[in-house]
Amino acid sequence: MVPTAIVLSHTEQADRLRASCPAAEPRAVVAGDICFDRMRASRALRPSYRQAFGLSPGQKLVVVSSTWGPESLLGAAPGLLLRLAEQLPFDEFRILLAPHPNIVAGHSSWQFGEYTAAARRAGVTIPKDVDAWRTAIIAADIVVGDHGSVPFYSAALGIPLILATAPVESVDPRSPIAKLLDTAPRIDIRGDLATQIRDVIIDHDPDRYSPITTFTTSEPDASPANLRSLMYRTMKFPEPAEPAELSALPMPSQPLHAPHSYLAVVRSGRNRTASIIRYPAERLRSGYETPRGTYIVVGTTEPRRRWMQLADAVVGDPSSQTTAWIAETLAALPGSMLAAAPDEAGVWYLGDRTGTIVTATGDACHLPLVTPLACHHLAQSRPLSEFAGEWEIDCADRILVVTVRTVGHGSFASAQPDL
C-alpha cells in the first residue's frame with residue numbers, strides 16, 4: 001500500500017527521505033510534531049503535575065524509559081530498574097517506568113512481569129496509561145533512557161538525561177537521535193547509582209543538547225493546524241473555520257507509589273532530633289551493607305514472609321479499631337517490637353509489647369517516619385512512654401516536626417488519645 005502522505009516533523013527528515021527513497025519525496029509533508037507541541041504547551045503545569053503525582057517539595061522524580069527489543073534498557077540491562085530502586089532513598093527520589101507499548105508484544109507479558117515484579121515491590125510506579133510518560137517527563141528531574149523517543153523528547157524539554165544503553169548501530173547514523181546517543185552521558189550500572197543520578201541533576205545545563213534537539217520539529221506549535229489541513233485536504237472536505245488549538249496534557253490520574261515495606265537508617269541527635277534515610281525492603285536481597293541503626297518496617301500489603309519474620313515494626317492501614325489491631329498483630333508476630341497504624345482521622349498510634357501506646361500528630365505525609373524512630377528509641381532499652389515530646393526529623397534535607405503523646409498503658413483496646 002502506498003501512503004497518501006508521509007508526515008515528518010522536521011525538514012532534515014525530508015532530506016534523509018529524499019536521499020534514501022527519492023520516489024517517496026512527493027508524498028512527504030513536514031507538519032511538525034503534535035506530541036512534542038502538546039508537551040511544550042504543558043510545561044507551565046509542571047508544578048500541578050508534580051502535585052498530582054504526590055511529589056513533595058524538593059523530591060526528585062526519576063523517569064526510566066525503555067523502548068523494546070534486545071538492545072533496549074530492559075532488554076540489555078533488566079536489573080537496572082530494581083538497582084535504582086534499591087539505591088535511591090525513596091524520600092528523596094520517586095521512580096516511574098515509562099515502557100514502550102510494544103514491550104509486552106515484543107518480550108511477552110510474562111517477561112515484562114519478570115523484569116518489573118521486584119521493582120514494583122520496591123515502589124517503582126508503572127502507570128496503566130501508556131501515555132502517562134508525557135506528563136511524567138514534564139514533572140521529571142532526570143530521565144534514564146535508551147535509544148527510544150522519550151529520552152530525546154526529554155532532552156528537547158531541557159530535562160537532565162543519562163543513558164543506560166546507547167546502540168548507535170540501531171538508528172540512522174545521520175539522525176539527531178544518533179547524535180544524542182553519542183553525546184549524552186552513560187550510567188555505570190555497577191557503580192554508585194545515587195551519586196551518578198545526583199551529579200547529572202546538579203551539573204545539568206538545559207541548553208546542553210539544543211544543537212541536537214533543535215531538529216525535534218521545524219514547525220513548533222504549528223502541528224495542529226498543519227495536520228488538520230492535511231487531513232481535510234486528503235478527505236477533500238472543507239476545513240473548519242475555527243483555529244486548530246493545542247490543549248495541555250491531562251493531570252496524572254494516580255499518585256506515585258512508595259514501598260509498603262522498607263529499611264530505615266536512623267541516627268538520633270540531642271534534644272529529640274534525628275535523621276532518617278529509607279530504602280525499599282527489596283534492598284535486603286541485594287547484599288548491600290546494613291549499618292547499625294537500621295530497622296525493618298513492614299507494611300501489610302503483600303509482604304514477603306521473611307520480611308514479616310525479620311520485622312522490627314509492622315504498619316497497618318487506617319481503622320476505627322487501631323489499638324486492638326496493634327495488640328493482635330504483636331501477639332501474632334513475636335519478633336516485632338512495635339506495631340503502628342493511623343486511625344480514621346489520620347492520627348498515628350504506636351504500641352509496644354508492654355501495652356504502652358503513643359500517638360503522633362503533624363503533617364500526615366511525614367507521620368510514618370515516627371515508626372522507625374520509635375524502633376530506634378526502643379532498641380536503646382528506653383520505654384516507649386519516654387518517647388513522648390516534640391521531635392525534629394531530618395529526612396531528605398527537610399526538617400519535619402511531629403508531636404508524640406503517651407495515651408495509654410496496659411490496655412490496647414481502651415486507649416484513647418489525650419489531645
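A nonpolar core is a set of buried Ala, Val, Leu, Ile, Met, Phe, Trp, Tyr and Cys residues joined through side-chain atoms within 4.5 Å. In this predicted model, the largest such core holds 36 residues, and the largest pocket has a volume of about 810 Å³.

**Nonpolar core**

- Among the 36 residues of the largest nonpolar core, those that touch the most other members are M39, L61, V63, I137 and L180.
- Two or more residues of this core come from each of the helices α2 (34-42), α8 (133-139), α9 (149-156) and α10 (176-183), and likewise from each of the strands β3 (60-66), β4 (93-99) and β6 (161-163).
- The largest share of the core, 5 residues, is supplied by α8.
- Leaving aside residues up to four places away in sequence, L180 is in contact with P151, F152, A155, L161, L163, Y209 and I212.

**Largest pocket**

- The volume of the largest pocket is about 810 Å³, and its lining is made up of 34 residues, of which A258, P259, W348, C365 and P368 lie nearest the centre.
- Sorted by class, this lining comprises 17 nonpolar, 11 polar and 6 charged residues.

Notes:
Residues are numbered from 1 along each chain as its sequence is written. This is a predicted model: local features need pLDDT of at least 70, side-chain atom pairs count only at pLDDT 80 or more; totals for chains, interfaces and linings use all residues. Side-chain values use heavy atoms; hydrogens and water are left out. Buried means under 20% relative accessible area, exposed over 50%, partly exposed in between (1.4 Å probe, protein chains only). Helices (H or I, at least four residues) and strands (E, at least two) are DSSP runs, numbered from the N terminus. Contact means heavy atoms within 4.5 Å. On a 1 Å grid over the protein atoms alone, a cavity is a set of points where a 1.4 Å probe fits but cannot get out, and a pocket is an open set with protein on both sides within 12 Å along at least five of seven lines; lining residues have an atom within 4 Å of a point. Grid points are joined across faces, edges and corners, and a volume is the space filled by probe spheres set on the points. Ala, Val, Leu, Ile, Met, Phe, Trp, Tyr, Cys and Pro count as nonpolar, Asp, Glu, Lys and Arg as charged, and the others, Gly among them, as polar.
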